[in-house]
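Here is a short briefing on one structure. Please have the sequence and the 3D view open while you read.

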Amino acid sequence: MADPMKIRATLKGDSADVRILMRHPMETGTRKTASGVVPLHFIQSVSVQHNGKNVLDAQWSQAVSRDPFLGLRVKGAKAGDKISVTWTDNKGDKRTDQVAVAAKN
Amino acid sequence: MNTNYIKWIIFVISSAFLVAGCASFPDHATTQQLSEKMVYDAFSYAPAHKKRLDQDRSQKICSKIGGPANLSQLEAAEVVKLARASIKYPTSGKLYGNWKTGAKLAYSGRGDRIRNGKVEKAKGGNGALCQNCHALEPGQINVGNMGPALTGYGKQRGNSAAIVKYTYDKIYNSWAILPCSNMPRLGANSHLTPEQITHMVAYLLDPKSPINK
Amino acid sequence: MRQLRRQFLKLTGSAGVMTAAVTVGLLKSATAFAATWNKTGFESKAVADVQKSLGATSMTESADIAITAPDIAENGAIVPVAVTSKIPNTESISIIAEKNPFPLAASFNISGGGEGYVSTRIKMGTTSNVHAIVKAGGKFYTAVKEVKVTVGGCG
Amino acid sequence: MELKRGLSLTAGAMLLLTMSLSAAAQNDLSVGRKMLVEDNPGELWIDQGKDLFYKKRGPKNVSLEKCDFGMGPGKLEGAAASLPRYFDDTDRVEDLESRLITCMTNLQGMDRAKIIKSAISRPRSKGSEIEALALFVTSKSNGMKVNVTLSHQKEYDAYKAGEYLFYRRSGQTDFGCVQCHGEDKKRVRLQDLINMTSTPGAQEVASTWPAYRGAHYVVRTMQWRLNDCVWQMRLPDLKYGTDYAIALTTFLNHRGNDAVMQVPGFKR
């Protein structure tokens, strides 16, 4: 099963600053090890929702780094709003995590 | 008075004394004895590799706490004398090798590292480690700055016999020129062979070498 | 889910019914609106082909796009790249590493309250130009920045 | 004499060149470093360590909640920031990693040799138990000041031994620690070297480990850092949790006092 993401969503002015760390090998399909080439395995899409509404849909290639990071900003967010993130990889694995926007600290 | 109470007071006072009064920095001899034991306990090594932990006379002198600034004149002179005596020249007598071979070695940091008891073998022998610490050819950014930049080394000095010998000696045993310098004694410690050092000399001095472009 | 949606579309074949389905919660909006993965673009080896796949055949260089990335990356496997677009109505941002075997690294479609800003990390095999392509108001804009990559070496 | 003057002149010219080069490199690199530290994949290891810490494990089927890191059993806040320190039960100065192993063997009944064998994980792996646990325990000191005190005689001994070992040169590179870590603004190739003889340098060491190592994609501990150093120095294999490593860590961390803990660090 996929590991949980680490999502931070903090209010900066009238926007939420959203920072997402995911755990994924992001294999390029060309890396060789003693036991042969490691098959292509990468996150293809990430979607971010603000209170259930899409704000960002990312399409990725295998060129995104291992243990990927995604940062974005959402206008008009308020403390307590829900930010939900879903990724899907090329093998069909999926993971969804959700946080509430925190007030500026 | 209750004797238990008195005993307790004595205990408190004495233990406080033990902590606050007695504990202190050990003297150098004690530290040295403790630390040397720590070294040999800390590593797992084949008998042939014990020499990597042992210190020779010069290494002992050059391990002054606080660094070489604390060297006495006598100690510095001894290190230089030992270093001069260590320098061996190739049997051919030729100190100027092939700059192209040297150019490859300059960028290699490989060879003779130990992991899980296995000694790393590098193609073409141990690397000369130069890139780790010195700027080399112009425009190369992936270089260290522990030692002075060597860019244009030969251009500034020419390649007279005196410069060739000076350069060979410096690489073979840098402590012959600057006692306790940070630069490894590459020849004296058998990290590089005399022949490899002649290639490094050519790399540094040859007008065709990229370092002098 | 994607499979399901395709079947669903085939069955209904009407956008009107689709909207109704979303409102009654038959489909999650995330799936319904997710863009399909740009296979042509991600498998293109030439930057021109990537641009074509994005629909960006003509572009304007724009000072309103800022690429934040190191001039020199210590580790080509983790090169941080952020793109900020101040162009109004920014709809999408794509990141292209020119000299990668497959130059298109990532595309981001922005909707709702999403701002014209994305930050991520990409792999770069060698020193290369990094391009950002921004779509805004149906037009394409671009900016470029060079990132020097030095391989970490003996560590 | 003639030669010497010539050399010092060129050395001056070289110095200028080196300075401008390194100044440029510093600015060019800093942007990337800042971006990587701010959002550190190492954070993904913290929860992994937390799970391992509270899970009942080992032959004795207990968690590590009773483990005493020096502030009392189970008290983690600020504990890592005060290590290494002397422990009565083992009559030894221990750092975080050796203390974790003490608890895993004594409380949970695990096999010491087995823990050590897998303590340093392979690159691109999920990481080792020790790596995740060390990060979780240290993260409980985040925002607090490093406070390694010397009071027991063995703590004084360890500090002085660490200092001695920092300067001790041996092997075919003639390296001690100070050869690479004795001056400001030095680099090996493009990698910055911390000047550990300075207070800010020692503070950086004391407050940023364990760290995410970008080139390995795993969280690394101080013990790994030392292992990699002695490997480059061409010394033999350093065993895990030795008094040598603990002495060096005591020397560095005590001098790093008052730094604010912030882990995981990010190393290229």
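The second largest cavity is lined by V39(B), F43(B) and L53(B), together with L165(D), R168(D), S170(D), G176(D), C177(D), M233(D), L235(D) and Y244(D). This is a predicted model: local features need pLDDT of at least 70, side-chain atom pairs count only at pLDDT 80 or more, and totals for chains, interfaces and linings use all residues. Residues are numbered from 1 along each chain as its sequence is written, chains are lettered from A and ligands numbered from 1 in the order in which they are written, and side-chain values use heavy atoms, with hydrogens and water left out.

**Cavities**

- Rolling a probe the size of a water molecule over the atoms shows where empty space is left.
- A cavity here is a set of points, on a 1 Å grid over the protein atoms alone, where a 1.4 Å probe fits but cannot get out; lining residues have an atom within 4 Å of a point.
- Grid points are joined across faces, edges and corners, and a volume is the space filled by probe spheres set on the points.
- Three cavities of 30 Å³ or more are counted.
- The second largest cavity holds about 90 Å³ of space.
- Its lining divides into eight nonpolar residues, two polar and one charged.
- For these classes, Ala, Val, Leu, Ile, Met, Phe, Trp, Tyr, Cys and Pro are nonpolar, Asp, Glu, Lys and Arg are charged, and the others, Gly among them, are polar.
- The largest cavity holds about 240 Å³.
- Its lining has 19 residues, and L96(D), W209(D), M222(D), T249(D) and N253(D) lie nearest the centre.
- Helix 3 (96-106), helix 5 (129-139), helix 8 (199-207) and helix 10 (243-255) of chain D each give two or more residues to the lining of the largest cavity.
- By class, that lining has 13 nonpolar, four polar and two charged residues.

**R234(D)**

- R234(D) sits in the loop between helix 9 (222-232) and strand 7 (237-238) of chain D.
- Helices (H or I, at least four residues) and strands (E, at least two) are DSSP runs, numbered from the N terminus.
- Is R234(D) buried or exposed? R234(D) has a relative accessible area of 2%, so it is buried (under 20%; exposed is over 50%, partly exposed in between; 1.4 Å probe, protein chains only).
- Leaving out residues up to four places away in sequence, R234(D) touches R52(B), G109(B), R110(B), G111(B), D112(B), R113(B), L129(B), H191(B), Q172(D) and T173(D). Contact means heavy atoms within 4.5 Å.
- A polar atom of the R234(D) side chain lies 2.8 Å from the backbone oxygen of G109(B).
- D174(D) is 60 residues from R234(D) in sequence, and the two are 9.4 Å apart in space, C-alpha to C-alpha.

**E163(D)**

- E163(D) is in helix 6 (residues 153-167) of chain D.
- Its relative accessibility is 15%, so E163(D) counts as buried.
- Not counting residues up to four places away in sequence, E163(D) touches I65(B) and F251(D).

**Chain D**

- Chain D has 10 helices and eight strands.
- Of its 268 residues, 60% are buried.
- Among chain D contacts between residues at least 6 apart in sequence, 68% join residues at least 24 apart.

**Chain C**

- Chain C has five helices and nine strands.
- Along the sequence, the pattern is α-α-α-α-α-β-β-β-β-β-β-β-β-β.
- Of its 155 residues, 50% count as buried.

Note on methods:
On a 1 Å grid over the protein atoms alone, a cavity is a set of points where a 1.4 Å probe fits but cannot get out, and a pocket is an open set with protein on both sides within 12 Å along at least five of seven lines; lining residues have an atom within 4 Å of a point. A polar contact is a pair of N or O atoms within 3.5 Å; within protein, one must be able to donate a hydrogen and the other to accept it, and residues adjacent in sequence count only if both atoms are side-chain atoms.
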